[in-house]
Amino acid sequence: MAIFERRRDAAPDTLHVFGDSKRYDPRKSLLKLRKALGSDLTYHDCRRTFLQLAENQEVPTGFIKKLANHTDSRDVTAAHYTNQSDAEALRPYTQRISDQIDRLGHLENPDLAAARCSGKP
């Protein structure tokens, strides 16, 4: 959450997480990460990891599809009767995945965990 807040504060008028200018080009971040890891990491690797973590966190398949921006126009139920398009419906699942990423990276923040338990933002 702190990363997203810093990004928002750096460019408060933008509608996108990584901004609308080349200054916030995420490819630069990926290049730095590749150099730091000594790996040819790709965005697709990150995407696969995120979706695998979603599955490990028991996120329902329909929500995993939505998080991946995958749609099946033949799925009448998903298209017409579920609330999968609402970003707020995805928030708890995304948070669950984010928390797992933090745990795997040993980035747990006791202050944030205490705030979550108390219901504070």
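Of the 121 residues in the protein, 18% are buried, where buried means under 20% relative accessible area, exposed over 50% and partly exposed in between, with a 1.4 Å probe and protein chains only. The accessible surface comes to about 9800 Å², and 55% of that belongs to carbon and sulfur atoms; these areas come from the Shrake-Rupley method with a 1.4 Å probe, and for residues only the protein chains shown count as cover.

This is a predicted model, in which local features need pLDDT of at least 70 and side-chain atom pairs count only at pLDDT 80 or more, while totals for chains, interfaces and linings use all residues. Residues are numbered from 1 along each chain as its sequence is written, and side-chain values use heavy atoms, with hydrogens and water left out. The mean pLDDT (the predictor's confidence in each residue, from 0 to 100) is 78, with 69% of residues at 70 or more.

As for the fold, the protein has seven helices and zero strands, so defined as DSSP runs numbered from the N terminus (H or I, at least four residues, for helices; E, at least two, for strands). Where pLDDT is low, the predicted coordinates should not be read in detail.

Helix 3 also packs against helix 6 (residues 87–104), their axes coming within 9 Å and crossing at roughly 105°. That makes helix 3 roughly perpendicular to helix 6. The axes here are lines fitted to C-alpha atoms, for helices over the stretch in contact, with angles from 0 to 180 degrees between N-to-C directions; 65 to 115 degrees counts as roughly perpendicular, under 35 as roughly parallel, over 145 as roughly antiparallel and the rest as oblique. On the helix 3 side, Phe50, Leu53 and Ala54 meet Ile97, Gln100, Ile101 and Leu104 of helix 6, contact meaning heavy atoms within 4.5 Å. Six of these residues are nonpolar, one is polar and none is charged. Across the protein, 33% of contacts between residues at least 6 apart in sequence join residues at least 24 apart.

Two loop residues have backbone angles worth a look. Most residues other than glycine have a negative phi. Glu58, in the loop between helix 3 and helix 4 (61–67), has a positive phi of about 60°. Asn69, in the loop between helix 4 and helix 5 (76–80), likewise has a positive phi, near 60°. Glu58 counts as exposed at 67% relative accessibility, and Asn69 counts as exposed at 61%.

Terms used:
Ala, Val, Leu, Ile, Met, Phe, Trp, Tyr, Cys and Pro count as nonpolar, Asp, Glu, Lys and Arg as charged, and the others, Gly among them, as polar.
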